[in-house]
Amino acid sequence: MNHQSVAFKNTQFPFPPHLHHSTPIPSRLLFAFSLHPNKTITKSPYSAFSCRGFHTPLLNHPSSSFHSSNASKPAAVKTVDVATLGNLCVDIVLNVPKLPPPSPDSRKAFMEQLSSSPPDKQYWEAGGNCNMAIAAARLGLKCVAIGHVGNEIYGKFLEDVLQAEGIGMVGMSEETDVLNAPSSSYETLLCWVLVDPLQKHGFCSRADFSKEPAFSWMNTLSEEVKRAIKRSRILFCNGYDFDELSPHMIISAVEYTVEVGTSVFFDPGPRGKSLLSGTVEEQKALEHFLRMSDVLLLTSDEAESLTSLVDPILAAQELLRKGNRTKWVVVKMGPKGSILITKSGITCASAFKVKIMDTVGCGDSFVAAIAYGFIHNIPLVTTLAFANTVGAATAMGCGAGRNVATLKQVVELMETPDLNEDDKFWNELLREHLDSQEVTFLSKMVLNGSNGRMKHVTLQKVVSELLPKLKSSQLEGTLSS
C-alpha cells in the first residue's frame with residue numbers, strides 16, 4: 001500500500017474540519033502515528049509548547065455515600081479519593097482529505113500547518129488522564145488532576161472542563177522550573193486525531209519529534225503536588241506519564257506516594273512494552289512501578305508482554321509474586337470480560353452485551369470503577385461487574401472526555417443487564433487453576449453456590465446489592481447524572 005500524502009496550500013486549514021460521529025475515533029493518550037490500517041509507529045502523543053504552570057485549589061466535595069475502609073491514614077487526612085498524575089492533554093479531532101505523509105519533515109510541516117490556526121472548539125475534547133478523572137468524578141469519587149497545562153486557550157479549556165466536572169487541579173511546576181524552562185516546552189499538550197474519507201486515522205503530535213519527555217525541565221515534586229498526593233487515597237498513573245516526565249520524577253512520585261500511605265494504581269498501557277526495551281532509567285522506573293503498585297491494570301496482551309506468559313492468570317500471578325505491595329492485578333479481556341487476581345483467589349466477570357458505538361474511554365471508565373470498589377471495600381466480583389458495566393456504558397456513546405458514561409447511563413444499563421457469557425472460553429481458561437485456587441465467577445445462574453473450587457455469584461445478586469446504593473447516591477445528588 002502506498003503512503004498517502006497531503007498538499008500544503010497555506011497556513012490555514014485548506015478544508016473544513018468535520019467529525020465522524022458514526023465512527024469510533026481513538027483519542028485519549030494516542031501514541032501511534034498510523035498510515036496503514038494495520039501498522040503503527042510507537043510515538044508520544046503530545047505537543048510541547050511554551051507557557052506557565054497553573055494551580056487551582058482542591059475542591060471541597062460532599063462526602064461519599066459509602067464508608068472508606070482502605071485508607072491507611074486518618075480520614076481527616078485523606079480528603080480526596082483519586083488523584084491522577086500528569087497526562088493532561090487536549091484531543092483535536094478533525095476530518096482531513098488525506099492523512100499526513102510518512103517523512104518526518106513533511107509530517108512536521110503538516111503539524112505546523114494544523115497548529116497555525118486553532119480549529120473551532122467543537123472539535124476539542126479533554127484527553128489523557130482527564131478521561132479517568134471525569135469518569136471517577138461521575139461515580140461520586142472526589143478527584144484531583146495533578147499535571148501541567150499552559151496559560152493559553154487549550155490550557156484554559158482543560159481547566160474549564162475539569163472545573164465543570166467538579167475536579168480539582170494542581171500544577172506540577174515550581175516557579176524555578178518556569179523560569180529555567182525553554183519557552184518551547186510549556187504549552188498544553190495536544191494530540192491531533194485525523195480522519196480521512198476512508199475513515200482511517202492518523203495521530204500527530206509535536207512530541208513525535210523530541211527524544212526527551214515533554215516536561216523534562218521538571219526536576220522536583222512541588223509542595224503543592226506533595227500535599228495533593230498525601231490527601232489522596234489513590235494516585236493513578238499510566239505508561240504515558242513517561243512521555244511527559246523523566247524516570248527520576250516518576251520514581252520520586254511513586255516513592256512519596258508510598259511514604260504517605262496513598263495507594264498506587266498503575267496502568268502501563270501500550271507503553272509498557274516499549275518501556276521494557278527503553279533506556280536503563282525507563283526500565284528501572286517501570287520495574288519500580290510494577291513492584292510498588294497496589295493495583296495493576298492491564299490488557300491480556302500487556303500482561304503477556306510484561307511477563308512472557310500467555311495465560312493471563314499466570315501472568316497476573318507472576319506480577320503479584322514480584323510485587324512488594326501488589327494486592328490486585330486486574331486483567332481486561334476485551335469483549336470477554338475481566339479478571340481480578342489476588343494472592344488468595346481468582347475472580348471473573350463476563351462482559352455486558354451492548355451496542356458498541358466507540359471503545360475510546362472504556363478502559364479509563366473501567367479503571368474509575370475499579371478504584372470505586374477498592375476505596376469502598378466492595379466485594380471483588382461486584383467490583384468487576386460494576387467496572388464492566390461502567391466501561392460498557394461508555395462504549396455505548398461516542399468518544400471520551402466529557403462523553404464518558406454518566407451515573408444515569410450506568411444505572412440504566414444495570415437495570416436491564418445481559419451478560420455476554422462464553423462458557424467455552426472461561427472453562428478453558430480456568431480449567432488448570434481450579435485445583436490450586438478458589439475461583440469466583442459472575443454468572444446468569446439462578447442459584448448461588450459452589451462446584452468444587454468454583455463459586456458462582458449471580459448477576460441478579462450483584463445488581464440487587466449495588467443498584468439501590470447507586471440510585472440512592474444519584475437521588476442525593478452526590479453523583480453526576
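Tutor: Contact here means heavy atoms within 4.5 Å. The model is predicted, and local features need pLDDT of at least 70, side-chain atom pairs count only at pLDDT 80 or more, and totals for chains, interfaces and linings use all residues. Residues are numbered from 1 along each chain as its sequence is written, and side-chain values use heavy atoms, without hydrogens and water.

Student: In what order do the 4 strands of the open sheet lie?

Tutor: Helices (H or I, at least four residues) and strands (E, at least two) are DSSP runs, numbered from the N terminus. Two strands pair if DSSP finds at least two bridges between them. Here the order is β4-β3-β7-β8, with mixed pairing. The edge strands, β4 (124-128) and β8 (201-204), each pair on one side only.

Student: How many bridges join β3 to β4?

Tutor: Strand β3 (residues 88-95) runs antiparallel to β4, and 5 bridges join them. Leu 88 stands opposite Gly 128 in β4.

Student: Which strands does helix α3 lie across?

Tutor: Axes are lines fitted to C-alpha atoms, for helices over the stretch in contact, and angles run from 0 to 180 degrees between N-to-C directions. Helix α3 (residues 153-164) lies across β3, β4 and β7, at about 75° to β4.

Student: Which residues touch the most other members of the largest nonpolar core?

Tutor: Such a core is a set of buried Ala, Val, Leu, Ile, Met, Phe, Trp, Tyr and Cys residues joined through side-chain atoms within 4.5 Å; buried means under 20% relative accessible area (1.4 Å probe, protein chains only). The largest core has 82 residues, and those touching the most other members include Val 82, Trp 192 and Phe 265. Helix α11 (residues 362-375) supplies its largest share, 9 residues.

Terms used: Buried means under 20% relative accessible area, exposed over 50%, partly exposed in between (1.4 Å probe, protein chains only).
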